[in-house]
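Let me put the model up, and then I'll walk you through it.

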Amino acid sequence: MSFGLSRGRTPDVGEVGLDMRTLPSCHEGRIDPRNWFDDKSNPLEIEIGSGKGTFLLQQSELQPKTNFLGFEWAAEFYRYGADRLRRNGRKCVRMVYGDATEFMKYWCEDHVAQVIHLYFSDPWPKKRHNKRRVIQDDTLRNFHRVLKPGGELRIVTDHDDLWTWCDEHIDRHLDLFERKLFDIVGSASEGELTGTNFERKYRREGRPFHSVTLVKYKNAP
Ligand SMILES: C[S@@+](CC[C@H](N)C(=O)[O-])C[C@H]1O[C@@H](n2cnc3c(N)ncnc32)[C@H](O)[C@@H]1O
């Protein structure tokens, strides 16, 4: 699949794009991603699996005083998304080419993010591939560590089996998070939950969606 950029050609995505393999100081302990932004004091929101960058583009327009950090491990989506954000002059958005769960587990500083967005995550439906799903017991613990107290993990999926999986994992971590109803994303259009590309595609197909917001307890460590 191509989106107007030929395979292997990396456009000049300027300061929007970061490659996880060459992150500055990645061998010197934990990284604080807030340092990648011009105004480090802005709240930080992280999106896992940004695809073509539609959520980042739409929501950063609505929240110009928030720093948005998107992760995308598929090279062509990363290139497309980062280039799109650069062309639209998004100064408070960065896209990382790499695995978000690896970053959160091994590299990311504690208590840095206000929100983690996980929208239409890959379902990996075959049993032997379930271990590749983003939501796992240890990723929930890592997201909890990366979030500030009172911070939120927001999840939407169309996939029934993935939803059951998430539900079961969440139930095992109710000591870490409180379940709340999903707050519709501010930049979503009428009738949408998030306004991402996959939501729009699946909505046209008439698929029902599952959603939840998990709130890290305010007094949590
Ligand atoms: C089904 S698409 C959804 C894209 C977008 N969130 C949307 O709703 O339109 C899932 C995306 O997440 C990316 N992805 C999945 N796991 C990831 C991970 N651990 N780190 C970074 N990207 C990931 C995939 O490459 C893919 O582009």
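For the cut-offs, buried means 20 or more other C-beta atoms within 10 Å of the residue's own, exposed means 12 or fewer, partly exposed is in between, and the C-beta atoms are placed from the backbone.

Quick housekeeping. What you see is a predicted model, where local features need pLDDT of at least 70, side-chain atom pairs count only at pLDDT 80 or more, and totals for chains, interfaces and linings use all residues. Residue numbers start from 1 along each chain, as its sequence is written.

Back to Phe120. You'll find Phe120 in the loop between E5 and helix H4 (137-146). Helices here are DSSP runs of H or I with at least four residues, strands are E runs with at least two, and both are numbered from the N terminus. Phe120 isn't a glycine, yet its phi is positive, about 55 degrees. As background, most residues other than glycine have a negative phi.

There's another one like that: His111, also not a glycine, has a positive phi near 55 degrees. His111 sits in the loop between H3 and E5. His111 counts as partly exposed because it has 15 C-beta neighbours inside 10 Å.

Now the ligand. Phe120 is among the closest residues, together with Gly49, Gly51, Thr196 and Phe198, in a shell of 20 residues. Near, by the way, means that the C-beta atom, placed from the backbone, lies within 6 Å of the molecule. What's the shell made of? Ten of its residues are nonpolar, six are polar and four are charged. Nonpolar covers Ala, Val, Leu, Ile, Met, Phe, Trp, Tyr, Cys and Pro, charged is Asp, Glu, Lys and Arg, and the others, Gly among them, go down as polar. Strand E3 (67-72), helix H3 (100-107) and helix H6 (197-204) each put at least two residues into that shell, and H6 has the largest share, with three.

On to the sheet. It's open, with eight strands in the order E1-E4-E3-E2-E5-E6-E8-E7, and the pairing is mixed. Two strands pair, in this scheme, if DSSP finds at least two bridges between them. The edges are strand E1 (17-19) and strand E7 (177-180), each pairing on one side only.

Let's walk across part of it. E1 and E4 run parallel, joined by three bridges, with Leu18 partnered by Val96 in E4. E3 and E4 are parallel too, over five bridges, and there Glu72 has Tyr97 of E4 as its partner. Then E5 and E6 pair in the parallel sense over six bridges, and Ile116 has Leu153 of E6 as its bridge partner.

How well covered are these strands? In E4, five of five residues are buried. Val93, Met95 and Tyr97 point one way, Arg94 and Val96 the other. In E6, eight of the eleven residues are buried.

The largest nonpolar core has 45 residues, and Ala113, Ile116 and Leu153 touch the most other members. A nonpolar core here is a set of buried Ala, Val, Leu, Ile, Met, Phe, Trp, Tyr and Cys residues joined through C-beta atoms within 7 Å. Skipping neighbours within four places in sequence, Ile116 contacts Ile46, Ile48, Phe143, Leu147 and Leu153; a contact means C-beta atoms, placed from the backbone, within 7 Å.

Phe143 takes us to H4, where Leu140, Asn142, Phe143, His144 and Val146 are buried. The buried residues of H4 pack against several elements, including H3, E5 and strand E6 (147-157). Helix H1 (residues 54-62) has Thr54, Phe55, Leu56, Leu57, Gln59 and Ser60 buried, and the H1 set packs against E2, E3, H2, E4, E5 and H6.

Last stop, Gly89, in the loop between helix H2 (75-87) and strand E4 (93-97). Why does Gly89 count as exposed? Because Gly89 has 8 other C-beta atoms within 10 Å. Its C-alpha atom is 9.7 Å from that of Leu57, 32 residues apart along the chain.

That's me done, thanks everyone.

Methods. Two residues are in contact if their C-beta atoms, placed from the backbone, lie within 7 Å.
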